[in-house]
Amino acid sequence: MNVIILPRVLEYLDSLVFILFEKEYFGFLETSINYIDELIDDIQTTLPTRLHKPAPAYFDRYGKEMEYAGFRKNKHTTWYVFFETYEKNEEVFYLVRYIANNHTVAQYL
């Protein structure tokens, strides 16, 4: 199984490193970098085994017939990863099209 994260999602996460540091969610830039790196690693290694649900129609703007899985990073924040699943030559691919946290999208789930 392969997990592919779209470049626009990676760009968002890269910019989030600085936002989290500037808004003082983390006291050190390196801590912010580690937080995002761990999130990306968690997505790439565990997405195929996570419980996932069909994404509500609200998220169709990012892709059709997507599913989503939650990644709880602390007691206040869960990241939701929205993805499509493809199969080619009996191999399964997970294409991550969008990511957001409970602070921004919980009302749509």
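Y35 is buried, with a relative accessible area of 13%. This is a predicted model, so please take every value I give as computed from it. The partner to look at next is F26. At 19% relative accessibility, F26 also counts as buried, because the cut-off for that word is under 20%.

How far apart are the ring centres of F26 and Y35, and at what angle are their planes? The centres are 5.1 Å apart and the planes stand at 45 degrees, so this pair is tilted. Two values are needed here, since a pair of aromatic rings is described by the distance of the centres and the angle of the planes. In total, the structure holds eleven aromatic pairs.

Staying with rings, there is one aromatic cluster made up of Y58, F59, Y62, Y68, Y80, F82, Y98 and Y108. One of its members, Y58, has a charged neighbour: R61 lies over the face of that ring, at 4.1 Å from the ring centre.

Now the sheet. Five strands form an open sheet, and reading across it the order is β1-β5-β4-β3-β2, with mixed pairing. Which strands are at the edges? They are β1 and β2, the latter covering residues 53-54, and each pairs on one side only.

Strand β1 runs over residues 2-5. In a regular strand the side chains alternate between the two faces of the sheet. In β1, V3 and I5 are on the covered face, while N2 and I4 are on the uncovered one. The neighbour of β1 is β5, residues 91-101, and the two pair in the parallel sense over four bridges. Within that pairing, V3 has Y94 as its bridge partner.

Strand β4, residues 78-88, pairs with β5 in the antiparallel sense, over ten bridges. If you want a place to look, find Y86, which stands opposite F93 in β5.

Between β4 and β5 there is a loop, and N89 is found in it. E90 has its place in that loop too. Most residues other than glycine have a negative phi. What is the phi of N89? It is positive, at about 50 degrees, although N89 is not a glycine. E90 also has a positive phi, near 65 degrees, and is likewise a residue other than glycine. Are these residues buried or exposed? N89 counts as exposed at 72% relative accessibility, and E90 counts as exposed at 76%.

Another loop residue is E24, between α1 and α2, where α2 covers residues 29-46. E24 is exposed, with a relative accessible area of 68%.

Last, the largest pocket. About 310 Å³ of space lies in it. Of the 15 residues that line this pocket, the closest to its centre are L20, Y25, W79, N101 and H103. Which element gives the largest share of the lining? That is α1, with four residues. Both α1, residues 7-22, and α3, residues 102-105, supply at least two residues of the lining. By class, the lining has eight nonpolar, six polar and one charged residues.

That is where I stop.

Technical notes:
Residues are numbered from 1 along each chain as its sequence is written. This is a predicted model: local features need pLDDT of at least 70, side-chain atom pairs count only at pLDDT 80 or more; totals for chains, interfaces and linings use all residues. Side-chain values use heavy atoms; hydrogens and water are left out. On a 1 Å grid over the protein atoms alone, a cavity is a set of points where a 1.4 Å probe fits but cannot get out, and a pocket is an open set with protein on both sides within 12 Å along at least five of seven lines; lining residues have an atom within 4 Å of a point. Grid points are joined across faces, edges and corners, and a volume is the space filled by probe spheres set on the points. Ala, Val, Leu, Ile, Met, Phe, Trp, Tyr, Cys and Pro count as nonpolar, Asp, Glu, Lys and Arg as charged, and the others, Gly among them, as polar. Rings of Phe, Tyr and Trp (its six-membered ring) pair if their centres lie within 6.5 Å; planes under 30 degrees apart count as stacked, over 60 as edge-to-face and the rest as tilted. Buried means under 20% relative accessible area, exposed over 50%, partly exposed in between (1.4 Å probe, protein chains only). A charge sits over a ring if NZ of Lys or CZ of Arg is within 6 Å of the ring centre and within 35 degrees of the ring normal. Two strands pair if DSSP finds at least two bridges between them.
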